[in-house]
Amino acid sequence: MYDYLRAEGVTQIAYVPDAGHKVMIDRSLADADAHSIPLTTEEEGVALLAGADLGGAKGVLLMQSSGVGNCINMLSLTAGSRFPLLCIVSMRGDFGEGNPWQFPMGRATQAVLEAMGVVVLRCDAPEDVMPTIRAACSMVWGSGEAVAVLLGQRLLGAKKF
Amino acid sequence: MAQLKRIAGVNQPAATLDRREAVPALIERPQDWLVVAGLAGTAQELCAMTDDGPNVFGLGGAMGAGPSMALGLALAQPNRRVLGITGDGELLMNIGALGTIALAAPANLKLVCVDNGHYGETGNQDSQTGLGVQLDRIAAGFGIAVVHTINTMADMAEGRRILAAPGLAFILLRVKEGPAMKKPRSLRPHVVRDRFRAALLGR
C-alpha cells in the first residue's frame, strides 16, 4: 500500500498514530522523499491535505475510527471547497472489540463520514485491500472526491484486553 | 454585565494598535505570498488587501483549519513563501497545530496571529488571550524558534525583517478591538480553491 500510494504521487503522510497503521507510519518515517507528519488531532490532517492540494501535492490521512469524530466540522472545508481527500481508517469498536469505550464511535464512523459527504469503502479481507486502495485513488485524484477506506477489525484483528 | 476574570499574575501591555493600519504595515506586499487566511477578520483583510486575489485562500468556516492548511501548502510549494495568518480564536481552536508545524518546520512558512483578544464576529466576547493567555509563549513552548510579539509600531520593523528572512517564524500582532478592513470577497470556497490552483499551478 505504501509503495502504491507513493507511486500515485503521495508526498504527505499525516497521521495520529494507531497500531493498525504502524507499518505505514514507519515506512513514511524512513522515506526521505516524503513528509511524515504526526498530528495532535485528526482534523489537522483534513486541513493539512487541503493545503497540500492548493499547492498541487497529494497526501493521505491515516487515523483510527475514533479520530473520524474529531474531523466532522473540518470536513466542511473538504466538501465546500471540493478538495480531494484520501483517508485510511483503522476500525475500533468493530468485529471482536473487547473495549467497550470503542463502540459508540466505531458504530458511528461510517454514518458520520457519509453525513459529511465522504465516500466510504470498506475492507474486511486481505484480498480486498489493494483493489480498494486503487479504486479510492482513482476516485480521489481522478474525480476529486473525498474517500475513506475503512480497514475492519476482521481484517486487522482485535486488540486483546 | 458579568465579566470573566482575568488570569491572575499575567501582566501584558494594553493592546493599542488598530488592525486596519497594523496588518498592512506588517504584511507590506501580500501579493508576494501564497496566503491562507483564517476566519474571519484576517480572511477579510487579506482579501481586501489583494482585491480578493487568487493567491489568498480565505476561510469562511471550518474554524481551526488555517495554520494546518498553510503547513500543507508550504510543504507542497517549498520554493514559494507561504503566509498563514489567522486570529486568536481560530488559533486557539486547534492550538496543537503549532506543535505539528514546529516539528515539520518548513523554512518557507511564516505564521502571523492577529490577536485582538476577542471573538469579533460573534458579539465581541473575550477570548482567552484577552484574559491573559499568551500565544507567543505557547508558540515558543511548542518549539518554534523565532517568535516575535508586536505591541506597538516600534516593534513592526523587526516583524518585517523576520517575514523577509528564511525560516519558520511566529509573529503575534496584538491589536485592539475593532473592525478589520473589508471588501466584498467570494464566499464560495470551491471557486476560491479553483482560482488559487489555476493561478499557481495552471490547472
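## Close-up views of a predicted two-chain model

**View 1. The open sheet of chain A.** In chain A, 6 strands line up as an open sheet with parallel pairing, in the order β2-β1-β3-β4-β6-β5. At its edges are β2 (35–38) and β5 (119–123) of chain A, each pairing on one side only. From one strand to the next the twist averages 20°, where axes are lines fitted to C-alpha atoms and angles run from 0 to 180 degrees between N-to-C directions. A word on terms: strands (E, at least two residues) and helices (H or I, at least four) are DSSP runs numbered from the N terminus, and two strands pair if DSSP finds at least two bridges between them.

A note for all views: this is a predicted model, in which local features need pLDDT of at least 70 and side-chain atom pairs count only at pLDDT 80 or more, while totals for chains, interfaces and linings use all residues. Residues are numbered from 1 along each chain as its sequence is written, chains are lettered from A and ligands numbered from 1 in the order in which they are written, and side-chain values use heavy atoms, leaving out hydrogens and water.

**View 2. Strand β1 of chain A and its partners.** Strand β1 (residues 10–15) of chain A is mostly covered, with 5 of its 6 residues buried; buried means under 20% relative accessible area, exposed over 50%, and partly exposed in between (1.4 Å probe, protein chains only). Parallel to β1(A) runs β3(A), joined to it by 5 bridges, and here Tyr15(A) has Leu62(A) as its bridge partner. With β2(A), β1(A) pairs in the parallel sense over 4 bridges; look for Ile13(A) opposite Ser36(A). Between β1(A) and β2(A) the chain passes through helix α2 (residues 22–29) of chain A, a right-handed β-α-β crossover (with the strands pointing away from the viewer, the path from the first strand over the helix to the second runs clockwise).

**View 3. Strands β3 and β4 of chain A.** Strand β3 (residues 58–64) and strand β4 (residues 85–90) of chain A pair in the parallel sense over 4 bridges. Find Met63(A) and you can trace its bridge partner, Val89(A), in β4(A).

View 4. The end C-alpha atoms of α3 (residues 42–54) are 19 Å apart, which agrees with the 18 Å it should span (1.5 Å times one less than its number of residues). Just after α3(A), Gly56(A) takes a positive phi of about 85°.

View 5. Phe83(A) sits in the loop between α5 (75–81) and β4 of chain A, and Phe57(B) in strand β2 (residues 56–58) of chain B. Both residues, Phe83(A) and Phe57(B), are buried.

**View 6. Local details in chain B.** Arg81(B) lies over the face of Trp33(B), 4.0 Å from the ring centre (the rule asks for NZ of Lys or CZ of Arg within 6 Å of the ring centre and within 35 degrees of the ring normal). A cis peptide bond, with omega about -5°, joins Leu39(B) and Ala40(B).
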